[in-house]
Amino acid sequence: MDRVLTMEVGRCTEAAAIAASKMIGRGDKEGADDAAVCALREAFNKLKIDGTVVIGEGERDEAPMLYIGEKVGLGEGPKVDIALDPLEGTTLTAKAMANALAVVAMAQGGTLLHAPDVYMDKIACGPGYPEGVIDLDASVEDNISAIAKAKGVPTEEVTLCILDRERHAHLVEGARRMGARVFMISDGDVAGVFHTTEGSTGIDLYVGQGGAPEGVLAAAALRCVGGQMQGRLVFRNDDERGRAEKAGIKDLNRKYGLRDLASGDVIFAATGVTNGTMLDGVRWDPGHVSTHTVVMRSKTGTVRYIRAKSKR
């Protein structure tokens with residue numbers, strides 16, 4: 001992979017975001033997702049890559065486009081694994097709510113975990129902390145204490161991001177017992193972890209249970225900035241265990257570290273669809289459309305924020 005490809009991945013998320021933005025506030029989350037998928041697939045197929053989708057819209061028989069195992073690109077150039085969420089926040093887009101994103105991670109072939117479509121317990125923090133400061137198997141109280149100690153602040157100055165779900169009530173209660181602040185999000189599992197990559201958001205820690213595929217995408221972003229993350233797959237039934245085995249996962253109880261989820265040379269790109277904490281949404285003005293994109297690369301540690309204007 002090279003620097004040119006890094007920028008091209010950003011153009012792919014821009015295309016998906018622009019397509020999805022036409023559906024903002026229209027109450028049609030499936031239509032918004034379809035628009036993003038079609039635009040992203042078309043953009044991929046202009047790239048000089050031999051790409052395989054390892055995190056996509058679902059199994060081949062369930063998803064007409066960008067399914068797991070689909071080949072994309074022109075079939076020439078580097079062999080790459082691709083993890084994607086053409087529209088993270090379909091409901092957010094349909095309701096014109098904040099923090100909807102188009103997200104893509106690209107890495108050398110064989111270096112992204114082929115995570116099945118099941119849940120994952122996750123914990124993540126951004127860069128600047130000593131290795132091992134967080135632990136998936138520790139209580140939320142202990143993790144808050146560890147972050148506070150590493151920052152040199154009281155626990156009252158630690159902020160957690162947690163997906164607003166009933167299953168996370170114990171995490172919220174534990175955090176508030178420690179006096180920590182809790183930033184609740186209604187949707188957007190990738191965006192939740194993504195918040196920890198940038199100090200200006202004020203988010204120190206992400207904890208909770210969300211999608212395993214989204215965990216791989218989030219890990220790709222953290223790899224680029226030097227953050228930390230741990231995850232463990234969660235299975236509700238035998239069908240989900242079968243999906244994991246089909247994906248080649250043998251140890252169903254494994255605790256994954258950041259480099260287990262995303263290794264090698266990783267490129268991560270996200271473009272805002274609706275206005276958010278870190279990225280502005282797509283804006284349609286007379287004569288042009290504006291986008292706001294972040295592009296990261298683990299090999300160089302480079303993080304670029306790109307504002308672009310295109311003719312309508």
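The largest cavity is lined by Asn 99, Ala 100, Leu 101, Ala 191, Phe 194, His 195, Gly 272, Thr 274, Asn 275, Gly 276, Met 278 and Leu 279. A cavity here is a set of points, on a 1 Å grid over the protein atoms alone, where a 1.4 Å probe fits but cannot get out, and lining residues have an atom within 4 Å of a point. The space inside comes to about 60 Å³, with volume taken as the space filled by probe spheres set on the points, which are joined across faces, edges and corners. Counting cavities of 30 Å³ or more, the structure holds one. Sorted by class, its lining has six nonpolar, six polar and no charged residues; Ala, Val, Leu, Ile, Met, Phe, Trp, Tyr, Cys and Pro count as nonpolar, Asp, Glu, Lys and Arg as charged, and the others, Gly among them, as polar.

A word on the model itself: it is predicted, and local features need pLDDT of at least 70, side-chain atom pairs count only at pLDDT 80 or more, and totals for chains, interfaces and linings use all residues. Residues are numbered from 1 along each chain as its sequence is written, and side-chain values use heavy atoms, leaving out hydrogens and water.

Phe 194, part of the cavity lining, turns up again in the largest nonpolar core. Such a core is a set of buried Ala, Val, Leu, Ile, Met, Phe, Trp, Tyr and Cys residues joined through side-chain atoms within 4.5 Å, where buried means under 20% relative accessible area, exposed over 50%, and partly exposed in between (1.4 Å probe, protein chains only). This core has 48 residues, and those with the most contacts inside it are Phe 194, Met 229, Leu 233 and Phe 268. Its largest share, nine residues, comes from helix α7 (residues 212–225); helices (H or I, at least four residues) and strands (E, at least two) are DSSP runs, numbered from the N terminus. Apart from this core lies another, of 34 residues, with Ala 43, Val 53, Met 106 and Val 289 among them. In soluble globular proteins, nonpolar side chains tend to be buried together. Beyond its neighbours within four places in sequence, Met 229 has a list of contacts (heavy atoms within 4.5 Å) that includes Ile 123, Ile 134, Leu 222, Tyr 256 and Leu 261.

Next come the annotated positions. An unreviewed UniProt entry places the feature "binding site" at Asp 85, Glu 88 and Glu 214; UniProt positions are given in the numbering used here, feature names are shortened, and annotations may be inferred rather than shown by experiment. These residues are spread over 130 residues of sequence, yet they cluster in space, with a largest C-alpha distance of 9.0 Å. Asp 85 is in strand β3 (residues 79–88), and Glu 88 belongs to strand β3 as well. Asp 85 counts as buried because its relative accessibility is 12%, and Glu 88 is buried because its value is 3%. Leaving out residues up to four places away in sequence, Asp 85 is in contact with Leu 101, Ala 102, Val 103, Glu 214 and Leu 217, while Glu 88 touches residues including Asn 99, Ala 100, Leu 101 and Ala 191.

A pocket is an open set of points with protein on both sides within 12 Å along at least five of seven lines. The largest share of the lining, four residues, comes from α5, and six nonpolar, seven polar and eight charged residues make up the classes.

Arg 167 itself lies in the loop between β6 (159–163) and α5. With 31% relative accessibility, Arg 167 counts as partly exposed, and beyond four places in sequence it touches Tyr 119, Gln 209 and Gly 210. Thr 90, in helix α3 (residues 90–94), is also partly exposed, at 22%. Outside its sequence neighbours up to four places away, Thr 90 touches Lys 29 and Asp 33.
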